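Student: I should like to learn how to read the main features of a protein model. Could we work through one together?

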Amino acid sequence: MPSGAGAQIRAVLSVEAVTTRSAFQATLELVNGADQPLTNILVELDLRDAAGNPAGARIGVLPPAITGFGDVSGTGHVATNSTGRVEWLLVPGALAVTNPVPVRYFVGGRLRYTQNGLTVDVPIL
């Protein structure tokens with residue numbers, strides 16, 4: 001996990017997998033074990049199909065439920081020695097499931113934050 005300016009940061013993205021055209025949830029938990037807050041938090045999701053093609057047009061992303069971040073669009077923060085959590089509900093559209101064979105989608109993205117004047121930008125895999 002990223003470690004800068006003495007930071008002990010743990011970011012975990014988990015996705016509940018489904019095989020039907022049902023909504024599913026993606027959760028990001030950001031644990032700040034350092035003595036400096038994380039600021040300017042930005043989280044961008046990247047949805048892909050099994051071939052690596054962008055799938056954002058086939059899956060709707062509802063506004064996130066946020067706890068301990070304040071925001072994830074570039075102005076959020078996580079206080080020292082605390083945890084932030086954000087949960088997105090992803091809803092496959094009609095184009096996401098076009099045949100009876102299950103289609104795999106992957107959720108990733110990027111996380112950017114600032115701590116003690118240092119900006120950290122990491123992929124979420």
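Student: What share of the contacts between residues at least 6 apart in sequence joins residues at least 24 apart?

Tutor: In this chain the share is 65%.

Student: How many bridges join strand 8 to strand 9, and how do these strands run?

Tutor: Strand 8 (residues 105-115) and strand 9 (residues 118-124) run antiparallel, with seven bridges between them. Leu111 stands opposite Val122 in strand 9. The hairpin of strand 8 and strand 9 has two residues between the strands, and Asn116 takes a positive phi near 55 degrees there.

Student: Which residues have the most contacts inside the largest nonpolar core?

Tutor: In soluble globular proteins, nonpolar side chains tend to be buried together. Here the largest nonpolar core has 22 residues, and Leu30, Ile41, Val43, Phe69 and Leu111 have the most contacts inside it. Two or more residues of this core come from each of strand 2 (24-32), strand 3 (38-49), strand 7 (82-92), strand 8 and strand 9. Across the chain, 34% of the 125 residues are buried.

Student: Where is the pLDDT below 50?

Tutor: The chain averages a pLDDT of 82, and 78% of the residues score at least 70. Over residues 1-7, however, the pLDDT is below 50; this stretch has 15 contacts in the model beyond near neighbours in sequence. Where pLDDT is low, the predicted coordinates should not be read in detail.

How values were computed. Residues numbered from 1 in each chain as written. Predicted model: local features only at pLDDT ≥ 70, side-chain atom pairs only at ≥ 80, totals over all residues. Heavy atoms only, no water. Pairing = 2+ DSSP bridges. Helix = DSSP H or I, 4+ residues; strand = E, 2+ residues; numbered from the N terminus. Core = buried A, V, L, I, M, F, W, Y, C linked by side-chain atoms within 4.5 Å. Buried < 20%, exposed > 50% of the residue type's maximum accessible area, 1.4 Å probe, protein only. pLDDT = per-residue confidence, 0-100. Contact = heavy atoms within 4.5 Å.
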